[in-house]
Amino acid sequence: MTQWRAWVSDAKLPLIADEAGAQAARLQARDQALTEYREKWAADQDTLPLADLGRGLTSMTVPGATRHLQAKTPGQGPGRSRLADTVRRQGRLFLVGAPGSGKTVASRLLTAHWAGHPHAPVPVWLPMKDLVPLLPSAGPYLLHPADLVRAAVGTTNPLLAQALVSQIDAGEALIVLDALDEVHERQDAVVEAVAALISQLPADCDVVVTSRYSSQQAAARLGLPLYELRPPNDLSGTLDRLLDTVAERAAHPSDHPNPREALRSRVERSRRAEPALWNVPLLATLMVLLIAERPDAVMPGNRARLLNEVIDSSVRGWEMRRSSKTLPDTDPQLTADILIDCFDDIAHAINPSGSATWHNAHQAVSARLQQHWGKPAGTAATMARHILEYWDATAGVFITDTHQGNLTARTRLFAEIGDARWATRHPDHMTGWMQTTFEDPERRETARLAASLSPHAADALIQQALHTGGTALDLVHDALTDGTVFDDNALHTYRDAQLARLQTLQPSHPEAAEDDGVFHLYTGGSPRAELAARLADEDLDATQTQQLTDTAETLGPEQKAVITALRAQRQATRRGSEPIESELDTIEAGLAAAATITSVREPGIAGTDSLARFAVEHVLAARPGILPHLIATTHHVTLDTFEWLETELPRLGYHGAIAAVLTEATGNFLATFSDSYKKMAVPFEFLAALNTTATQLTPAQAWHLNEAAALTSALRMKAQPMRVVADAVTHHADLTQSAFRLIAEASGLDSALAGAQLRSLRDEDPQNPDWGLLYLPSTRTPTPQLHLERIDSNLVIDTLNTGNPWLTYLALLLTAATVTPPTDLAERALAALPNLTAFDRMNTAALLTHRWPGLALPTDDPLVRAGAARVTAAALSHSRQHHKARYLLADPDLLVRHTAAQELHAPSPDNLPALETALLSPALQWTCKTCGATRPVDAGTCPQKHPKPIPRLP
């Protein structure tokens, strides 16, 4: 029937829809109901609900709002993180968000967005609290697709309900369950029922559950990977639209000839001064409304006070809308003051664990009313009940799930600022409160807020950070960015501690291990440089600046130039004016230095994101000649900054600047790189053409793209700099295609299916295919284990000789996966060793040791010894024979010791002393794995300023 209906549709013949008619008519009626349902949701694409703010506003459409939503896994670094793309690829996930991050708004935007996409599964959205009435009074708790549909769309349209259930049963639906945290006493029952439902759904059916962090433990019970909702990457554009909407309603007079521009200027000043506040969507929205309604002269001065004012303003707004304003035995003029004062006591009871019993909150408010407001015990108890009911039923800020049940904050930011205000009015308890708050990562935001409200709290925070040390010191840096003012002496001590810590950090990040330690990818980067770049943005004294400069010397001339430029940037920012000529010179020099690093083997340059953004905003107008340096610096910036540059430069009049400047300054190779940085068109076109067998994709196959993503992952493209991949497909196209073909064969994946998915993705937007989707992780994506029967030795040797690190890596990977390598390959690879780059020489030696353990490798080359040591040490560690690795840890070259030590995991206490003794034996030299230079053991860097390896056991 489905095929017949498709033929009729293709022939442009009419199909009758009749839910009581023949089978074809019933199916047509069902499809029509689905279409109308999707169209209704799609009509709300990119629509933000502003009526909930209670300011007389209506919904506002912001084109692209859904595209700008961001989500990341905990600990995920910079890179692509669009929520809509993540949901498409991952399919099933548990989305948590910080207070005020807009989880419900995001879930509805996501639903409307995919409702409007013709290839997307049908979305079914509902609040999880609506599932509670569907559950029995006692377990076991079960739900069925029909239950979800009934809660989502009701019972008035049986045909639609039937259609949605059919879509779920076919695995062609996206179920969005919002706000688990708003299910209180019956949360365990709801989680049990939803977990049972998910286990019965077709594997292709997508599920998104949203919640606050307080309920994130449910992710494991539901079997869903955890993702964090992050601030939208175009929140500022949305706020600009909101400002335009409310500007005409500003309540205060203005002498400015253009009041709207005056308001925009005030918003921009606040954004620069309080960036953390403006990254929280809820608070940023309230800030726009506050600025539009409050004269500039009475605006508060730092982050916590701004937040305090936002909350206070909102509270008094709620108070003015109350139907009843009286409290027992209270002057009506004091009602708002008492409500706001007791707000802090409720918040203090709730904030430590995220909730409080009604009894405990009632006791806290009663005590405050007696001690501060002088109310008798009986009156205080009655007033406390009214106050709790106000904040629950009327204001909806601290809410209960049942009558006098547990209290939670509707937005945790309310609890945090209230708890911070509570702490500042109890200075005798500050030290203990700060210590307890500091130890709980969930409450550190509260400590930062308190520090901004009170000098006493700021002192307690910095003293606690100094006592704890390590990464805890970064909390002071974060508080400084909030606008917190610390004691100068304590700040000096903190900066000394950070500078001392700087020396203990590794000069480079660990290499990324692949394939049981046989050979590694080179990732670059430096924790020491990253902290140095952050410290460059602080107000250091002359001695501390010199210490930072001395450290920068160890990081190479390019990194030093960038850190020096960041210092100049800080000076201009501190003055609050545009950079002077000398600072412009320094910033230009920093950009020029960063632009010189183009080798794929050079470490990344820290601080370039901040420098590039500052240069666009404050330098480019005065020095348009920096544009080539600025563009070349994009080798080091994150993708977020790269995309910002692509948007901001055209807005400033530099249309096509990136491609044009790269072509003019560095030739067609880097222009090609600029294009491949975003699209990677050529390698994906290679993949799409590997197997063009006609394949009919199911909706789920075309949507999730799992096989295409698995093939892409097997090629390790994401881990490589874009220019390396561009070089491979431009200058070594035949070898690249051969490697692709062998990877596809070795992976065991259905290359015809993967090719069809790649072509389908390309056809979604032929002018700009979104190949980057395939880089996004998904637990559904197969993880192939490479297995190859044979490989051509000529291909391996030719690839090794290209000098392209990615192709070399693929060749080594394939050789390691080959069951029976050619008999002549070992000797030919051995003969090629002297002509390979340093890092490739080390990797090739590792492969030779792994595949041909008896092969005699040259012992006079430290890079070869290091590669062999890596494999040997990994094998000894795996067999728990750590003691046999002592000779590797006593090698005359530190690089050999370093690579061996990295693989010796969890030695027994009996073996550890001997291994440490071997490491302490005097070394004669060290060899740079990047450029191959050999240096005396006391030299900190090679001539190219690459850092000395520091052998340490894991």
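Over how many bridges do strand 9 and strand 11 pair, and in which sense? The views below answer this and more. The model is predicted, so local features need pLDDT of at least 70, side-chain atom pairs count only at pLDDT 80 or more, and totals for chains, interfaces and linings use all residues. Residues are numbered from 1 along each chain as its sequence is written, and side-chain values use heavy atoms, leaving out hydrogens and water.

**View 1. An open sheet of 3 strands has the order 9-11-10.** The pairing is antiparallel. Strand 9 and strand 11 (residues 407-409) pair in the antiparallel sense over 2 bridges. Two strands pair if DSSP finds at least two bridges between them. Ala356 has Leu407 of strand 11 as its bridge partner. Strand 9 (355-356) and strand 10 (398-400) each have a single partner strand, so one side of each lacks a neighbour in the sheet. Strands are DSSP runs of E with at least two residues; helices are runs of H or I with at least four; both are numbered from the N terminus.

**View 2. An open sheet of 6 strands runs in the order 3-8-4-7-6-5.** Here the pairing is mixed. Strand 3 (70-72) and strand 5 (122-127) are the edge strands, and each pairs on one side only. Neighbouring strands are turned by 25 degrees against each other on average, direction ignored. Strand 6 (residues 173-178) and strand 7 (residues 206-212) run parallel, joined by 4 bridges. Leu177 stands opposite Val209 in strand 7.

**View 3. Helix 3 (residues 83-90) lies across strands of the sheet.** These are strand 3, strand 4 (92-97), strand 6, strand 7 and strand 8 (226-230). Helix 3 runs at about 150 degrees to strand 4. Axes are lines fitted to C-alpha atoms, for helices over the stretch in contact, and angles run from 0 to 180 degrees between N-to-C directions. Contact means heavy atoms within 4.5 Å.

**View 4. Helix 34 (residues 706-714) packs with helix 37 (residues 751-764).** The angle is about 100 degrees, and the axes are 7 Å apart. That makes helix 34 roughly perpendicular to helix 37 (65 to 115 degrees counts as roughly perpendicular). Helix 34 makes the contact with Asn706, Glu707, Ala708 and Leu711. Helix 37 contributes Leu753, Ala754, Gln757 and Leu758.

**View 5. The whole protein has 45 helices and 15 strands.** Of its 954 residues, 54% count as buried (under 20% relative accessible area, with a 1.4 Å probe and protein chains only).

Methods
Buried means under 20% relative accessible area, exposed over 50%, partly exposed in between (1.4 Å probe, protein chains only). Angles under 35 degrees count as roughly parallel, over 145 as roughly antiparallel, 65 to 115 as roughly perpendicular and the rest as oblique.
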